[in-house]
Amino acid sequence: MKIMILGIDGYIGWALGLRLIANGHDVIGVDNFYTRKAVREVGSDSALPLPSMETRIKEAKKVFGKEIQFYNLDIKNFAKISELIKRYKPDAIVDFAEQRSAPYSMVDAEHAIYTMHNNIEGTINVLYAIKQFSPDTHLVKMGTMGEYGTPKFDIPESAFVNTSINGKEDLITVPKWGGSWYHWSKVHDTNDILFANKIWGITATDIMQGPVYGTRTKEIVNKKLFTRLDFDGVWGTVINRYCVEAILGMPLTPYGKGGQTRAFLSLEDSVESLKRLIENPPNKGEYRVVNQFTEIYTVMELANEVKAIAEKLGINAEIKPIENPRVEAEQHYYNPERNVLPKLGILKPSRTLPDEVYAILSDLKNYRKRLEKYRDVLMPKVKWRD
Ligand SMILES: NC(=O)c1ccc[n+]([C@@H]2O[C@H](COP(=O)([O-])OP(=O)(O)OC[C@H]3O[C@@H](n4cnc5c(N)ncnc54)[C@H](O)[C@@H]3O)[C@@H](O)[C@H]2O)c1
């Protein structure tokens, strides 16, 4: 298949590009290197040194025999992104190209507006470009499980639910409750995709994904093929952040009571799920929701897991909860449905969490010196109520 990846320089985008070329697909990649710059803006960097796009593409060609076509452009530029979509008419467009940090979106009005602007405008450009120039393209849009918040009901894996108001029944869209401006930008994206599907019949898979962890996939076999790994208080997701804390001999720091329950998956399982969703599109004109995760943990359980594995590597990590910078439920019900991926054969994690954490810590151990200079950026500085 011919697949365009928007955001190919990112954590998941690069790993997916490799998975797809390794399986014989043609990949066209787009990125404006925004994440590289924005992570440096908060004084941080990827934990694993990141090769340039040229080096990565050259190495990928050497290892997998296929060249990724790369375009450095901002998807907010409608003329440029629509010209590219018109030229390639891809079978699928995978859209990762967004500002993806909740704390970054909460810094101030400027960062909140940047997040809304970048994410919503990019999505609408892609929707219009598909409609005008490539109506048979399947849009695979990456959203987040964080769109749902933490409701007391089971989280459906569908666009609509039946409800009754004043005794009258109708379908409504599944209720959402984002926990940051970033999460609300994803909710707005979802509404826009649903609307485009309704009026133009655009075929779409809207993925609600949980936080991703890991440094390796089957294809990331050497340093020149590394993908980024963020760990700081603004850009790091929880397991990756705990692993860097352990390597630096710092305490592992769950936020608040540590009872926040989330749905997780490894980078390997994320790219394999995406590959299967691309290769098995919904019917033409269908809007498909996918709750993409393999495991559910509280952030305290994860701290205990990382501590136990760190011990095996001779690292004595202490757990020290810190004040929660976010406004979120710290003890709550959480039960999302998961039907689409099991039908495509993604039934359980491909590797256990302890094995995956062991692999992350083993990779990070080689970069302890590099990480030393980033000690100061691990603690959260952005507070939701400030
Ligand atoms: N990493 C996770 O744990 C996780 C979990 C759930 C959902 N997601 C979502 O998955 C997607 C990918 O996440 P990631 O962790 O790989 O993020 P990332 O920041 O590493 O990758 C996103 C890429 O998109 C690019 N980009 C951003 N805006 C762009 C624009 N306007 N034009 C062109 N390129 C642009 C960035 O430069 C970056 O390389 C994001 O949409 C994110 O919200 C990530």
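Two strands count as paired if DSSP finds at least two bridges between them. The legends below describe a predicted model.

**View 1. Strands S10 and S12 pair within a three-stranded sheet.** Arginine 262 stands opposite tyrosine 297 in S12. Strand S10 covers residues 261–266 and joins S12 in the antiparallel sense, over four bridges. The sheet is open, with the order S9-S10-S12 and mixed pairing. Strand S9 (212–213) and strand S12 (295–298) are the edge strands, and each pairs on one side only. Helix H9 (residues 267–279) lies across S9 and S10. Its direction makes an angle of about 75° with S10.

**View 2. Seven strands form an open sheet with parallel pairing.** The strand order is S3-S2-S1-S4-S5-S8-S11. S3 and strand S11 (287–292) stand at the edges with a single partner strand each, so one side of each has no neighbour in the sheet. Neighbouring strands are turned by 20° against each other on average, direction ignored. S2 and S3 pair in the parallel sense over four bridges. Here isoleucine 28 stands opposite glutamine 69 in S3. Helix H7 (residues 181–200) packs on this sheet. H7 touches strand S5 (138–144), strand S8 (204–209) and S11. The direction of H7 makes about 155° with that of S5.

**View 3. Strands S6 and S7 form a hairpin.** Strand S6 spans residues 160–165, and strand S7 spans residues 168–173. They pair in the antiparallel sense over six bridges. Phenylalanine 160 has threonine 173 in S7 as its bridge partner. Two residues lie between the strands. Asparagine 166 takes a positive phi near 50° in this hairpin.

**View 4. Phenylalanine 33 and phenylalanine 70 form an aromatic pair.** The whole structure holds eight aromatic pairs. In this one, the rings are 5.6 Å apart, centre to centre. Phenylalanine 33 lies in the loop between strand S2 (26–31) and helix H2 (34–41), while phenylalanine 70 lies in strand S3 (residues 69–72), so the pair ties together parts 37 residues apart in sequence.

**View 5. One cavity of 30 Å³ or more is found in the structure.**

Terms used:
Residues are numbered from 1 along each chain as its sequence is written. This is a predicted model: local features need pLDDT of at least 70, side-chain atom pairs count only at pLDDT 80 or more; totals for chains, interfaces and linings use all residues. Side-chain values use heavy atoms; hydrogens and water are left out. On a 1 Å grid over the protein atoms alone, a cavity is a set of points where a 1.4 Å probe fits but cannot get out, and a pocket is an open set with protein on both sides within 12 Å along at least five of seven lines; lining residues have an atom within 4 Å of a point. Grid points are joined across faces, edges and corners, and a volume is the space filled by probe spheres set on the points. Contact means heavy atoms within 4.5 Å. Axes are lines fitted to C-alpha atoms, for helices over the stretch in contact, and angles run from 0 to 180 degrees between N-to-C directions. Rings of Phe, Tyr and Trp (its six-membered ring) pair if their centres lie within 6.5 Å; planes under 30 degrees apart count as stacked, over 60 as edge-to-face and the rest as tilted.
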